[in-house]
Amino acid sequence: MTKDEMTVEERLAKAKQPGIDAMILHKYYGGKIEVVPKAAVRNFADFAVWYSPGVAEPCKAIKQDVENVYSHTCKWNTVAVVSDGTRVLGLGDIGPEAAMPVMEGKAMLFKYLGGVDSIPICLDTKDPDKIIETVKLISPSFGGINLEDIAMPKCFDILDTLRKECKIPVWHDDQQGTATVEVAGAINAMKIVGKKINEAHLCLVGAGAANIAIARLLLGTGFNPKNLCMVDSKSILNLEREELKDGFKQKWEICEKTNGAGKTGGLKEAMEGADIVIAASTPGPGTIPKEYVKLMANDPVVFVTANPVPEMWPWEAKEMGAKIVATGRSDFPNQVNNSMGFPAIFRGTLDVRAKTISDEMCIAAAIELAKCAEEKGIHEDYIIPTMSEWEVFPREAVAVALKAQEQGLARLKLSRQEIYDRAEFMIKRSRDLTAKMMQDGFIADPKNAY
């Protein structure tokens, strides 16, 4: 029986299996990451070098010139994954402890896909001022900060403040990271259905951090703001939504810049005539009635990216005539998930010691990501590369690093080849190290958990 011949019950069972396995394997491994030495320990005399008394010399060198911290410590390759647990996946405000499995998973992806060391830090506060203060206080230990799963609208102000006041790059992956990959997917989806991006009509379902950033990057890539319509839980964003002027400035900016047709109403009206729907909304299924797909333009494209369950099951969208369907899950075709973005973007950012991560750097990553898939041969079930295509990540890192240099944001000036060689080495090293640890039994065989 092929996957197209599977019953609905079989499809649902398949979709639920990762959660069943996760409950077994998370407990089996007792977490997904650990800290191990990377410097040689030939004998105990080496600790006179790595610790007292020898360590005093690099300390003094850093005191003399703080930039030396990048060459004498792990700061150059270490990122903090910071969350308050207020908007975790599609689970909502579940608290910092319950957010830990997600942040650990993020750290694991950082290392395996980008060669970036990262530490999950879940904060026991919801106060945005305390979150800002804490991140600023810990920033000397890190080369970058990845904000994660922080509720809106405070996530916008937290990010904006930290980007202004921190000396290291800070980004919110639910904004820029998600947007990067969605834009890459949208670029190639439009190519497959033969529609020009500046003429395509877009419907964005949900007006949270992800979709607001997606809208911004889509427009920066060449999509027409007049052809973009965003709808939240109340109605379509338009100039009649005056309550947003003072209460939610990011949404009000969308009202001012988009919806040239002056659409009103709700989800149904927003989807009418759309060439592509990008949903980053409440997990489903059923958040988007499948019948609404029939209201879209010819050869409709549907991105239903809520996790852990998409707003509509992919097979439902296909039944209603969707030409291309993408989700945020790895167990369906066309995963448009930020895992294809943040590891490589931080790799490129760290390797040139960029001061921030600009939207232009993200767009450069999106364009390169789309290009990598196009070179391989895009089709309805392959609009962007998958995580298994490791060679994509160094290319994406190069695009980011070069854009940072072009914008004057990089502390280091490296050639394209130097950037590529460094990124390729770090990423390949991480993958080879994991394989070697599995081979030698330092990572236990997951089959033993069952």
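Leaving aside its neighbours within four places in sequence, with which residues is Ile-145 in contact?

## Nonpolar cores

In this predicted model, Ile-145 is in contact with Val-79, Ala-80, Val-82, Val-135, Ile-168, Pro-169, Val-170, Trp-171 and Phe-346, when neighbours within four places in sequence are set aside. Apart from the core that holds Ile-145 lies another core, of 21 residues, which includes Val-205, Met-312, Met-320 and Val-325.

The largest nonpolar core comprises 97 residues. Ile-145 is among the residues with the most contacts inside it, together with Leu-147, Leu-204, Leu-218, Met-230 and Phe-303.

## Helix H16

Helix H16 runs over residues 392-406 and has 15 residues. From its first C-alpha to its last it reaches 21 Å, close to the 21 Å expected at 1.5 Å a residue. Just after H16, Gly-408 adopts a positive phi of about 75°.

H16 is mostly covered, with 11 of its 15 residues buried. The buried residues are Val-392, Phe-393, Pro-394, Glu-396, Ala-397, Val-398, Ala-399, Val-400, Ala-401, Ala-404 and Gln-405. They pack against four helices: H5 (96-114), H14 (342-351), H15 (359-376) and H17 (416-439).

## Packing of H15 and H16

Two packed helices are described by the angle between their axes and the distance between the axes. For H15 and H16, the angle is about 145° and the axes are 8 Å apart. H15 passes H16 in a right-handed crossing.

On the H15 side, the contact is made by Glu-360, Met-361, Ala-364, Ala-365, Glu-368, Leu-369, Lys-371, Cys-372 and Glu-375. On the H16 side, Val-392, Arg-395, Glu-396, Ala-399, Val-400, Lys-403 and Ala-404 take part. By class, this contact of H15 with H16 has nine nonpolar and seven charged residues, and no polar ones.

## Helix H17

H17 has 24 residues and reaches 34 Å from its first C-alpha to its last, close to the 34 Å expected at 1.5 Å a residue. Ile-419, Ala-423, Met-426, Ile-427, Ser-430 and Arg-431 are buried in H17, and what covers the buried residues of this helix includes H5, H14 and H16. H17 is followed by Gly-441, whose phi is positive, near 85°.

## Ile-62 in helix H3

Ile-62 is found in helix H3, which covers residues 56-64. Not counting residues up to four places away in sequence, Ile-62 touches Asn-68, Val-69, His-72 and Thr-73.

Ile-62 and Val-392 are 330 residues apart along the chain, and their C-alpha atoms are separated by 35 Å. Val-392 is one of the buried residues of H16.

Conventions
Residues are numbered from 1 along each chain as its sequence is written. This is a predicted model: local features need pLDDT of at least 70, side-chain atom pairs count only at pLDDT 80 or more; totals for chains, interfaces and linings use all residues. Side-chain values use heavy atoms; hydrogens and water are left out. A nonpolar core is a set of buried Ala, Val, Leu, Ile, Met, Phe, Trp, Tyr and Cys residues joined through side-chain atoms within 4.5 Å. Buried means under 20% relative accessible area, exposed over 50%, partly exposed in between (1.4 Å probe, protein chains only). Contact means heavy atoms within 4.5 Å. Helices (H or I, at least four residues) and strands (E, at least two) are DSSP runs, numbered from the N terminus. The expected span of a helix is 1.5 Å times one less than its number of residues. Axes are lines fitted to C-alpha atoms, for helices over the stretch in contact, and angles run from 0 to 180 degrees between N-to-C directions. A crossing is left-handed if the near helix is turned anticlockwise from the far one by less than a right angle, and right-handed if clockwise. Ala, Val, Leu, Ile, Met, Phe, Trp, Tyr, Cys and Pro count as nonpolar, Asp, Glu, Lys and Arg as charged, and the others, Gly among them, as polar.
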